[in-house]
Amino acid sequence: MSAKAEYATRAMAQLAAAQTSGAGRVRAEDLGAAQDIPVAFLLAILGELRAEGLVASHRGREGGYSLARPADEVTLADIIRTIDGPLASVHGLSLSEVTYQGPAAPLGDVWMALRAAVRSVLEHVTLADLVAGRLPADVDRLASEYRRQERRRGRWSASGDST
């Protein structure tokens, strides 16, 4: 995932939290400050999200940004595809167009499996899940397994940060 997509996801989570709390529209400056995103970069991201119908912008004294759809209808996949395109790609090609020769021939299937795995997570987590602090059980299980594996390898600190 690109830094831009990660920023977009954080900004959308912040907008979802504002929607859930009834706070309404959020100014770009406040959104940037809340998520530590440079405002100029954030404005470009918000423009892309608006063009895809994920964010609404409102002008005037009471202006700002809000979600264009309810938080439970926006998946992380929607956001990432808007910013980065396909969830997993090779040279910008459709995975059905990617072919390899000899011992590398099975790589096409590996890339397809990777895309399916990424989809299985990102298409099932909504902004509402993030705001509620509750991930779908299968996603939570995968994250827990990852943390266990990293602890066994000695790569996870007590604070939960990967080392």
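Asp 78 sits in helix α4, which spans residues 76–84. That's one stop on a quick tour of this predicted model, a protein with 7 helices and 2 strands. Of its 163 residues, 31% count as buried. Here's the rundown, starting with the overall layout and ending back at Asp 78.

**Overall layout**
- Reading from the N terminus, the elements go α-α-α-β-β-α-α-α-α.
- Along the principal axes, the C-alpha atoms fill a box of roughly 65 × 40 × 25 Å.
- Take the contacts in the protein with a separation of 6 or more: 58% of them come from residues 24 or more positions apart.

**α1 against α2**
- Helix α1 covers residues 3–21 and helix α2 covers residues 28–35; their axes come within 10 Å and cross at roughly 110°.
- Angles of 65 to 115 degrees count as roughly perpendicular, so that's the label for α1 and α2.
- As for handedness, the crossing of α1 and α2 is right-handed.
- On the α1 side, the contact is made by Arg 10, Ala 11, Gln 14 and Leu 15, and on the α2 side by Leu 31, Ala 34 and Gln 35.
- Sort the residues of that α1–α2 contact by type and you get 4 nonpolar, 2 polar and 1 charged.

**α1 against α3**
- Helix α3 runs over residues 39–51 and packs on α1 at an angle of about 75°, with the two axes 10 Å apart.
- This pair, α1 and α3, is therefore roughly perpendicular as well.
- From α1, the residues involved are Lys 4, Tyr 7, Ala 8, Ala 11, Met 12 and Leu 15, and they meet Phe 41, Leu 42, Ile 45, Leu 46, Glu 48 and Leu 49 of α3.
- By type, the residues of the α1–α3 contact come out as 10 nonpolar, no polar and 2 charged.
- Ala 11 and Leu 15 of α1 turn up here, and they're also part of the contact with α2.

**Asp 36, between α2 and α3**
- Look in the loop between α2 and α3 and you'll find Asp 36.
- Its phi is worth a glance: Asp 36 has a positive value near 55°, and it isn't a glycine.
- For context, most residues other than glycine have a negative phi.
- Asp 36 is exposed, with a relative accessible area of 65%.

**The β hairpin**
- Strand β1 (residues 55–58) and strand β2 (residues 64–67) run antiparallel and are joined by 4 bridges.
- Across the pair, Val 55 stands opposite Leu 67 of β2.
- The hairpin has 5 residues between the strands, and Gly 60 there takes a positive phi near 100°.

**Back to Asp 78**
- Setting aside neighbours within four places in sequence, Asp 78 is in contact with Leu 54, Arg 69 and Glu 73.
- Glu 52 is 26 residues from Asp 78 along the chain, and their C-alpha atoms are separated by 9.3 Å.

Terms used: Residues are numbered from 1 along each chain as its sequence is written. This is a predicted model: local features need pLDDT of at least 70, side-chain atom pairs count only at pLDDT 80 or more; totals for chains, interfaces and linings use all residues. Side-chain values use heavy atoms; hydrogens and water are left out. Axes are lines fitted to C-alpha atoms, for helices over the stretch in contact, and angles run from 0 to 180 degrees between N-to-C directions. Angles under 35 degrees count as roughly parallel, over 145 as roughly antiparallel, 65 to 115 as roughly perpendicular and the rest as oblique. A crossing is left-handed if the near helix is turned anticlockwise from the far one by less than a right angle, and right-handed if clockwise. Contact means heavy atoms within 4.5 Å. Ala, Val, Leu, Ile, Met, Phe, Trp, Tyr, Cys and Pro count as nonpolar, Asp, Glu, Lys and Arg as charged, and the others, Gly among them, as polar. Two strands pair if DSSP finds at least two bridges between them. Buried means under 20% relative accessible area, exposed over 50%, partly exposed in between (1.4 Å probe, protein chains only).
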